[in-house]
Amino acid sequence: MIPEIELKSLEEQRAFQERKLPDLLAYLSEKSVYYRELFAEHNIDIKSINSLEALQSIPVTNKEDLQIRNQDFVCVTPREIIDYITTSGTLGDPVTFPLTDKDLERLAYNEYISFACAQGSTDDIYQLMTTMDKRFMAGLAYFMGIRKLGAGVVRVGGGIPELQWDTLKRINPTAFVTVPSFLLKLIEYAEANGIDYKATQINKAICIGESLRNEDFTLSTLGEKIKEKWDIKLYSTYASTEMSTAFTECEAGLGGHHHPELVIVEFLDEQNQPVKEDEAGEVVITTLGVEGMPLLRFKTGDICYHYKDACSCGRKTIRLGPIIGRKKQMIKYKGTTLYPPALYDILNDINGIQNYLVEVFTNELGTDEIVVKVGSKDNSPRFEKEIKDHFRAKLRVAPKIKFEDVGLIDKLKNPKLSRKPVLFHDLRTLA
């Protein structure tokens with residue numbers, strides 16, 4: 001199922017969004033304390049904003065605004081709220097998002113068309129390996145989207161390989177919804193326990209939270225390791241609580257498809273100006289059809305390239321390339337600009353590393369310093385040199401390597417209040 005708007009030209013998609021824009025601005029002016037004050041402070045006549053170019057005259061909104069003035073963004077009364085969601089707080093304090101009944105329907109529609117984009121059908125049974133509790137949006141969204149698709153779903157939750165394999169044996173699902181690195185743990189458990197995982201009905205995995213591809217759309221080290229072991233179809237996704245929308249790959253594997261009926265997307269440089277198609281820019285979104293807490297020109301902090309050519313799947317929407325990194329996580333190290341995913345890709349490619357996390361802090365010279373904490377059975381100087389040589393070969397620079405107990409790194413990666421592994425610890429603000 002492909003929505004009709006996604007088969008239309010970019011010009012027609014643009015015209016569609018420009019027809020929706022006045023209603024959004026009027027709603028925000030009436031219902032949102034934050035945006036009403038923003039319009040007044042900057043003398044913005046919302047009636048004059050009738051094109052996507054004119055939208056650029058409105059100042060951007062960032063994560064700090066949401067954290068400091070969370071309640072001022074809410075546009076509905078408590079009686080209208082059905083569900084409360086909070087962000088994971090990866091780069092700061094979590095933010096609460098209220099969802100109305102209409103918002104939940106919108107969320108279900110988003111995931112329905114996203115699963116359909118990833119070749120989902122009523123014949124599928126999805127093994128859902130993400131939590132639906134802890135005020136987490138994604139697990140709930142996936143469940144509702146699969147239900148709307150008409151497929152089956154078995155809600156196992158995260159972790160516990162033994163339970164995952166027991167479910168596979170009992171239910172015979174055809175697809176996973178999972179963090180891709182967990183697939184390697186599933187395979188490792190299967191190999192250690194004599195389970196023939198290739199004999200299952202699984203044919204695809206909808207992968208969340210971690211990138212599977214390099215900037216040229218080839219599989220990353222993580223993606224290659226999974227495919228070498230288990231030749232199932234892997235689909236990358238990009239989404240966030242703030243946009244209540246997902247960008248999901250189709251069978252072509254050439255970027256996540258934009259849903260123009262749900263969100264306006266911009267790609268901006270450091271001066272908040274639009275970037276060209278061959279330039280990396282920060283993803284900035286304006287939500288359409290959200291009642292509880294709509295956002296206008298919200299800066300996600302995520303950096304990527306975008307593509308406007310029509311896709312072989314028939315969709316003519318903009319596509320988002322793999323996320324290069326988060327703007328606030330950019331590291332300046334010995335004259336080289338790095339993002340954590342580049343470090344992860346190298347670490348994932350080194351045999352003998354059981355787990356790891358990356359710490360960045362400010363040294364006595366006031367510059368960025370990187371320490372990679374590695375869990376391994378081999379703590380020898382020879383292996384340390386091997387790790388550093390991998391970094392030098394790929395990035396021209398090598399971080400400090402510190403061997404730690406595997407169990408300790410697991411605890412550091414999985415704080416009690418976190419819903420997903422935290423591989424990057426930014427200590428620069430504490431320096």
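This is a predicted model: local features need pLDDT of at least 70, side-chain atom pairs count only at pLDDT 80 or more; totals for chains, interfaces and linings use all residues.

Modeller: Residues are numbered from 1 along each chain as its sequence is written, and side-chain values use heavy atoms, with hydrogens and water left out.

Biologist: Why is isoleucine 202 called buried?

Modeller: Buried means under 20% relative accessible area, exposed over 50%, and partly exposed in between, with a 1.4 Å probe and protein chains only. Isoleucine 202 has a relative accessible area of 7%, so it is buried.

Biologist: Where is isoleucine 202, and what does it touch?

Modeller: Isoleucine 202 sits in the loop between helix 8 (180-192) and strand 6 (204-207). Helices (H or I, at least four residues) and strands (E, at least two) are DSSP runs, numbered from the N terminus. Contact means heavy atoms within 4.5 Å. Leaving aside neighbours within four places in sequence, isoleucine 202 is in contact with Leu168, Pro173, Thr174, Ala175, Phe176, Trp230 and Ile232. Isoleucine 202 and isoleucine 232 are 30 residues apart in sequence, and 7.3 Å apart in space, C-alpha to C-alpha.

Biologist: What makes lysine 198 exposed rather than buried?

Modeller: Its relative accessibility is 56%, so lysine 198 counts as exposed. Lysine 198 is also found in the loop between helix 8 and strand 6. Leaving aside neighbours within four places in sequence, lysine 198 is in contact with Lys229 and Trp230.

Biologist: Are isoleucine 160 and serine 244 buried or exposed?

Modeller: Isoleucine 160 has 52% relative accessibility, so it counts as exposed. Isoleucine 160 is in the loop between strand 4 and helix 7 (161-171). Serine 244 has 14%, so it counts as buried. Serine 244 lies in the loop between strand 7 and strand 8.

Biologist: How do you know that strand 7 and strand 8 pair?

Modeller: Two strands pair if DSSP finds at least two bridges between them. Strand 7 (233-240) and strand 8 (residues 245-249) have four bridges, in the antiparallel sense. Alanine 239 stands opposite alanine 246 in strand 8. Four residues lie between the strands of this hairpin.

Biologist: How many bridges join strand 9 and strand 14?

Modeller: Strand 9 (residues 256-257) and strand 14 (residues 319-320) pair in the antiparallel sense over two bridges. That meets the cut-off of at least two. Glycine 256 stands opposite leucine 320 in strand 14.

Biologist: What makes the crossover from strand 6 to strand 7 right-handed?

Modeller: Strand 6 and strand 7 pair in the parallel sense over four bridges. In strand 7, serine 236 is the bridge partner of cysteine 207. The chain crosses from strand 6 through helix 9 (residues 221-229) to strand 7, and this β-α-β crossover is right-handed. The term applies if, with the strands pointing away from the viewer, the path from the first strand over the helix to the second runs clockwise.

Biologist: Why are strand 4 and strand 13 said to stand at the edges?

Modeller: The open sheet has nine strands in the order 4-3-5-6-7-8-9-14-13, with mixed pairing. Strand 4 (152-155) and strand 13 (306-307) each have a single partner strand, so one side of each is left without a neighbour in the sheet.

Biologist: What is the largest nonpolar core made of?

Modeller: A nonpolar core is a set of buried Ala, Val, Leu, Ile, Met, Phe, Trp, Tyr and Cys residues joined through side-chain atoms within 4.5 Å. The largest has 50 residues, and those with the most contacts inside it are Tyr35, Phe39, Ile58 and Leu296. A second, separate core of 25 residues includes Tyr344, Phe383, Ile387 and Val397.

Conventions:
Axes are lines fitted to C-alpha atoms, for helices over the stretch in contact, and angles run from 0 to 180 degrees between N-to-C directions.
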